[in-house]
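Try each one yourself before reading its solution.

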Amino acid sequence: MTGFGPRFRAAVTARGRLCAGIDPHVDLLQSWGLGADPAGLDRFADICIEAFGSVAAVVKPQVAFFEPFGAAGLATLERVIAGCRDAGALVLADAKRGDIGSTMAAYARAWLDDSSPLVSDAVTVSPYLGFGSLEPALDAARPAGRGVFVLARTSNPEGASVQLADADGRSVGQRIVDAAAAVNTDGAGTVGVVVGATRAHGLDLTALAGPILAPGLGAQGARAEDLGPVFAEADLDWLLPASSRGVLRAGPDIGALRASFEAARDEVESALS
Ligand SMILES: O=C(O)c1cc(=O)[nH]c(=O)n1[C@@H]1O[C@H](COP(=O)(O)O)[C@@H](O)[C@H]1O
């Protein structure tokens, strides 16, 4: 089985470096003329699958926006995942899971195991219970060629108080990056990190050898031209900037939505070239 790293690299080489976030905020549903109900969510999902599935290297459904609809929301999320994967996109489930190892194993089954209707190509995880607690997710991801994206330096201003804290001479965020790099020495690129595009992060990412998800483009204020300076020291072939609302605001017309994604992706590619 090809590791997640090579699968990621092939996808971004073919389709470009922009992750399409699928975040069905209630105000977006309303501005698309849809109800904030299961039928509206379903229509939003269909439009996103159609607009992004065949053009984006990676799509990232934000699980939190499906959960308020209960079983119906999860059924829609299953369709988003399967529909986008069928259309050739890698699906990164933005679930930000994290728990003690035995519970982490259940999260790994949910998001990374073929037996689950939610199986995705990768999932976001939180390392707050210690990087080692993520081991069951890494063990599930590795043999399946799937990936795990670990929060390191998030795009929100509040992240600094924890992520920049000193941990024996390195920041907490740097320790997460270094732990990810140690796993990736096997060349599979199983572990990615999440580093917001919104500000200087102060991390040394040079040894990572895995993907860098960089949310914050668009609605949170980061621009394509910020990416070069913010990630000056990183290997830009691993960079995956992400935008959700900034692109989604162009809906509900499928053509306009896809054009908005493609314009943002082209801006990223020309800024990084
Ligand atoms: O893991 C993430 O994707 C993530 C990490 C981070 O540091 N910041 C961040 O905004 N995100 C997610 O990325 C998306 C950003 O959405 P927009 O601000 O609408 O582009 C949301 O789904 C966030 O939960």
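**Exercise 1.** Find which residues form a nonpolar patch on the surface with Leu 129, and work out whether Leu 129 is buried or exposed or in between.

*Solution.* Step 1: the patch consists of Ile 100, Tyr 128, Leu 129 and Val 162, and together they have about 420 Å² of accessible area (Shrake-Rupley method, 1.4 Å probe, with only the protein chains shown counting as cover for residues).
Step 1: Leu 129 sits in the loop between β4 (122–125) and α6 (135–144).
Step 2: its relative accessible area is 44%, so Leu 129 is partly exposed (buried is under 20%, exposed over 50%, partly exposed in between).

This is a predicted model, where local features need pLDDT of at least 70 and side-chain atom pairs count only at pLDDT 80 or more, while totals for chains, interfaces and linings use all residues. Residues are numbered from 1 along each chain as its sequence is written, and side-chain values use heavy atoms, leaving out hydrogens and water.

**Exercise 2.** Describe the surroundings of Ala 108.

*Solution.* Step 1: find Ala 108 in helix α5 (residues 101–112).
Step 1: with a relative accessible area of 4%, Ala 108 is buried.
Step 2: skip neighbours within four places in sequence, and Ala 108 touches Asp 113, Pro 136, Ala 137 and Ala 140 (contact means heavy atoms within 4.5 Å).

**Exercise 3.** Check the span of helix α3.

*Solution.* Step 1: helix α3 (residues 38–52) has 15 residues.
Step 1: the expected span is 1.5 Å times one less than the number of residues, so α3 should span 21 Å.
Step 2: its end C-alpha atoms are 21 Å apart, which agrees.

Notes:
Helices (H or I, at least four residues) and strands (E, at least two) are DSSP runs, numbered from the N terminus. Buried means under 20% relative accessible area, exposed over 50%, partly exposed in between (1.4 Å probe, protein chains only). Patches are made of residues with over 30% relative accessible area and no salt bridge: like charges are joined within 9 Å, nonpolar side chains (Val, Leu, Ile, Met, Phe, Trp, Tyr) within 5 Å. A salt bridge is a side-chain nitrogen of Lys or Arg within 4 Å of a carboxyl oxygen of Asp or Glu.
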